[in-house]
Amino acid sequence: MEYGFLIDDSPALLPDPRGRRAPYGPHGPSALEHGADCGDSTADRDAQPADTTGTTGTRVAEVSAVVAPAAPVPPRPAALADGAPIYELHIGTFTPAGTLDAAVERLDYLAHLGIGWVELLPVNAFAGLHNWGYDGVQWFAVAEPYGGPTAYRRFVEGAHARGLAVVQDVVFNHLGPSGNYLSAFGPYLHAAASNPWGESINLDGPGSDEVRAYILDVLTMFAQDYGVDGFRLDAVHALVDARAVPILEDMAILCAELSDRLGRPITLIAESDRNDPATIAKRRELGAGAGGLGLDGQWSDDFHHAVHVALTGEDVGYYGDFAAPGALPKVLQSGFFHDGTYSTFRGREHGRPLDLAAARPEQLVVSIQNHDQVGNRAAGDRLPQQTGAVGHGAEPAGATGQEAAALGNLGVGATFLLLGPNSPMLFMGEEWAASTPWQFFTDHREEWLGEAVSQGRRGEFAAMGWDASAVPDPQDPQTFERSKLDWSERAAEPHASMLRLYRRLIGLRMSRAEYRGTRFSDVEVFRGLPAQEPASAPAAPVSQAAGSEAPAPQAGGTGAPAAPAGEAAGLPLPEDSAATARAGEADAGGALADAVPTSSEPNLDGNRHGAAPAATQGGGAAPPAAGIGWRIGAELVVLANPATPGTSAAPAVFDLPRPVAHVLLDTAAVLAGEPAVRTGGAADEARAPAAEGTARVVVEPGRALAVQLAAN
């Protein structure tokens with residue numbers, strides 16, 4: 001049944017703001033869900049639409065056959081503390097068909113990859129046939145081009161059957177420019193405020209109680225009626241809300257109640273650029289608690305920016321602050337880079353330190369690619385294109401030494417992401433270094449609006465110095481088509497090698513208890529030294545890594561050795577490893593445990609309140625640090641040496657406090673097709689035993705190594 005509303009004397013039939021189906025998009029009447037009363041959460045979830053052929057030509061009977069796999073599957077993640085990776089995807093470009101049912105057919109792939117959470121970009125109804133989803137206007141309706149609400153249920157059930165949790169991206173900070181009829185029904189919009197995307201939602205003005213109830217009911221619908229496990233809250237810094245109990249806290253209260261009622265956790269993750277610890281601090285209840293908003297996690301752009309600069313050398317715009325060598329160690333050690341430091345991009349101080357005793361690393365969701373950081377580039381180019389590892393369209397592997405080096409550097413980035421202490425999130429296709437761009441696309445049917453969006457996009461980038469003619473037209477259907485993943489390239493090089501590395505990095509992460517329930521106190525970050533420095537120079541502690549500072553080398557040392565792979569005396573390396581090593585009696589200052597600051601606020605950026613980097617003892621210039629290492633728990637150590645373009649890359653020397661029992665993973669060996677993990681048995685018996693004392697490890701630029709230290 002189709003229906004709508006006539007408001008006052010207007011002849012226009014308006015869609016239901018709470019309608020579950022928008023079969024004609026946001027400008028047409030609403031419809032009841034096939035086989036279900038749109039207001040009855042106990043409706044038959046197995047009901048099929050009258051037309052059993054979807055828009056892809058796939059029959060519902062065929063789709064339901066792939067919803068539940070035959071083999072038993074592990075339970076889906078219950079919390080971010082479980083350590084499982086998140087996979088962000090856009091339904092319209094994830095598969096050639098661009099539907100929820102087509103995406104179900106790829107869920108086995110995600111489960112085998114080792115993914116724990118599938119995060120869907122917004123699926124609410126929007127104008128036209130394709131859109132990123134952030135122009136949605138009917139928050140209760142699942143977009144019909146994706147298959148509508150019944151297909152959405154099949155997707156969630158199919159994910160759960162494979163042990164995958166579902167996170168739904170929701171947008172409550174604005175409404176799209178086409179099909180927004182909410183203001184006809186009441187004071188839903190904030191007349192006195194707006195944000196870059198349009199009028200704000202009325203969260204604190206007259207009549208806002210019902211507006212807030214409307215938002216909370218959207219969350220209840222997705223969690224209770226569809227079985228969603230969590231939400232990503234878009235751009236919460238754009239919410240205009242001056243009430244004593246902010247809407248974000250109301251969401252946290254609601255999700256806690258839903259978790260109790262449904263018997264499973266409902267996770268809330270905010271996208272926020274405020275670097276405000278209150279977002280994830282516990283709520284104050286009955287006079288106790290931190291007085292925070294109580295959300296479970298938040299995106300951390302600081303991690304992305306620091307890794308991006310290290311891999312690409314880009315240092316313009318907001319990347320400029322992250323060019324300091326201490327930026328990446330700082331975000332690994334203490335979460336935020338800007339925690340009260342001066343932001344040159346903003347022209348002011350920004351952020352606040354996390355309470356490292358109360359917050360946990362997994363509460364920060366990090367990425368090296370995501371829909372924003374890829375799609376908001378002029379050409380929608382991904383990290384492999386930005387680094388030169390892969391072009392647009394599949395290209396042969398190893399065409400040049402430069403491309404091979406860039407591919408190795410991508411592997412270092414993946415190591416920061418997947419073996420770092422935070423909750424990692426992949427953007428669809430990242431794991432195989434997809435060659436397809438992900439560009440900004442729209443399908444507005446109003447000519448004036450389509451032209452305004454196209455001209456606005458070109459003007460925005462022209463103002464930043466881009467050639468406007470090189471910016472894809474969002475309204476051109478080919479912009480959308482180009483953004484679809486090419487699944488066939490996974491079997492070709494260099495994509496197959498990168499996919500192998502991602503699988504093994506995820507496998508290593510999920511096999512280690514260190515990544516479950518990690519605390520900041522469990523994480524120790526340190527810097528190496530360039531290989532040409534004296535071998536007795538200890539690794540640079542993060543507290544002394546501001547700018548390019550590092551401890552002065554000890555007198556009388558010798559150059560770090562470069563023994564052939566497999567011939568190191570102190571470190572049992574796999575054949576063809578990119579690392580070299582030597583056992584030694586390093587100075588105690590080089591011991592890992594002594595190389596980590598005890599302060600919860602290490603000065604790593606060198607620009608707090610505009611201060612210059614601290615001078616070394618004696619006033620002499622210290623050698624630059626090289627590479628970054630971190631230890632999680634007692635025995636797992638990761639050593640990475642990004643080769644930043646435009647800098648003089650050098651092998652990084654790391655002194656470890658104990659011998660190495662096993663090399664768990666070597667990115668260069670994995671990319672070359674060598675075994676990634678050696679955990680004991682005959683494979684180890686053929687290699688040199690670990691020497692007593694310490695181990696000195698030299699990691700070449702564009703490589704990363706994960707090792708297990710010998711037990712005390």
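This is a predicted model: local features need pLDDT of at least 70, side-chain atom pairs count only at pLDDT 80 or more; totals for chains, interfaces and linings use all residues.

Colleague: How much space lies in the second largest pocket?

Modeller: The second largest pocket holds about 960 Å³. It is lined by 37 residues, and those closest to its centre are Ile280, Ala281, Lys282, Leu295 and Gln363.

Colleague: Which elements give two or more residues to that lining?

Modeller: They are α7 and β13, the latter spanning 267–270. The largest share comes from α7, with five residues.

Colleague: Staying with α7, at what angle does it pack with α6?

Modeller: Helix α6, residues 208–225, and helix α7, residues 247–262, pack at about 30°, and their axes are 10 Å apart. Their crossing is right-handed.

Colleague: Which residues make that contact?

Modeller: From α6 the contact takes Arg212, Ile215, Leu216, Leu219, Thr220, Ala223 and Gln224, and from α7 it takes Ile247, Asp250, Met251, Leu254, Leu258, Arg261 and Leu262. Sorted by class, the contact of α6 with α7 has nine nonpolar, two polar and three charged residues.

Colleague: Now to α8. How do the axes of α8 and α12 cross?

Modeller: Helix α8 covers residues 301–312 and helix α12 covers residues 401–419; their axes come within 10 Å and cross at roughly 160°. Because angles over 145 degrees count as roughly antiparallel, α8 is roughly antiparallel to α12. The crossing of α8 past α12 is right-handed.

Colleague: And which residues make the contact there?

Modeller: On the α8 side they are Phe303, Val307, Ala310 and Leu311, and on the α12 side Asn409, Gly413, Phe416 and Leu417. The contact of α8 with α12 comprises six nonpolar and two polar residues, with no charged ones.

Colleague: Is the crossing of α8 past α9 left-handed or right-handed?

Modeller: α8 passes α9 in a left-handed crossing. The axes of α8 and helix α9, residues 327–334, come within 9 Å and cross at roughly 150°, which makes α8 roughly antiparallel to α9.

Colleague: What residues of α8 and α9 meet?

Modeller: Asp302, Phe303, Ala306, Val307 and Ala310 of α8 meet Ala327, Leu328, Val331 and Leu332 of α9. This contact of α8 with α9 divides into eight nonpolar residues, no polar ones and one charged. Phe303, Val307 and Ala310 are listed both in the contact with α12 and in the contact with α9.

Colleague: Changing topic, how many cavities of 30 Å³ or more does the structure hold?

Modeller: There are nine cavities of 30 Å³ or more. The largest cavity has a volume of about 70 Å³.

Colleague: What lines the largest cavity?

Modeller: Its lining is formed by Pro15, Asp16, Pro17, Val137, Gln138, Gly179, Asn180, Tyr181, Leu182, Phe185 and Tyr214. These lining residues comprise seven nonpolar, three polar and one charged.

Colleague: Last topic, the backbone. Which residues does a cis peptide bond join?

Modeller: A cis peptide bond joins Glu493 and Pro494, with omega about 5°. Pro494 is placed in the loop between α14 (477–482) and α15 (495–511).

Colleague: And what is phi of Asp8 near?

Modeller: Phi of Asp8 is near 55°, a positive value in a residue other than glycine. Asp8 belongs to the loop between β2 (5–6) and β3 (13–14).

Terms used. Residues are numbered from 1 along each chain as its sequence is written. Side-chain values use heavy atoms; hydrogens and water are left out. Axes are lines fitted to C-alpha atoms, for helices over the stretch in contact, and angles run from 0 to 180 degrees between N-to-C directions. Helices (H or I, at least four residues) and strands (E, at least two) are DSSP runs, numbered from the N terminus. Angles under 35 degrees count as roughly parallel, over 145 as roughly antiparallel, 65 to 115 as roughly perpendicular and the rest as oblique. A crossing is left-handed if the near helix is turned anticlockwise from the far one by less than a right angle, and right-handed if clockwise. Contact means heavy atoms within 4.5 Å. Ala, Val, Leu, Ile, Met, Phe, Trp, Tyr, Cys and Pro count as nonpolar, Asp, Glu, Lys and Arg as charged, and the others, Gly among them, as polar. On a 1 Å grid over the protein atoms alone, a cavity is a set of points where a 1.4 Å probe fits but cannot get out, and a pocket is an open set with protein on both sides within 12 Å along at least five of seven lines; lining residues have an atom within 4 Å of a point. Grid points are joined across faces, edges and corners, and a volume is the space filled by probe spheres set on the points.
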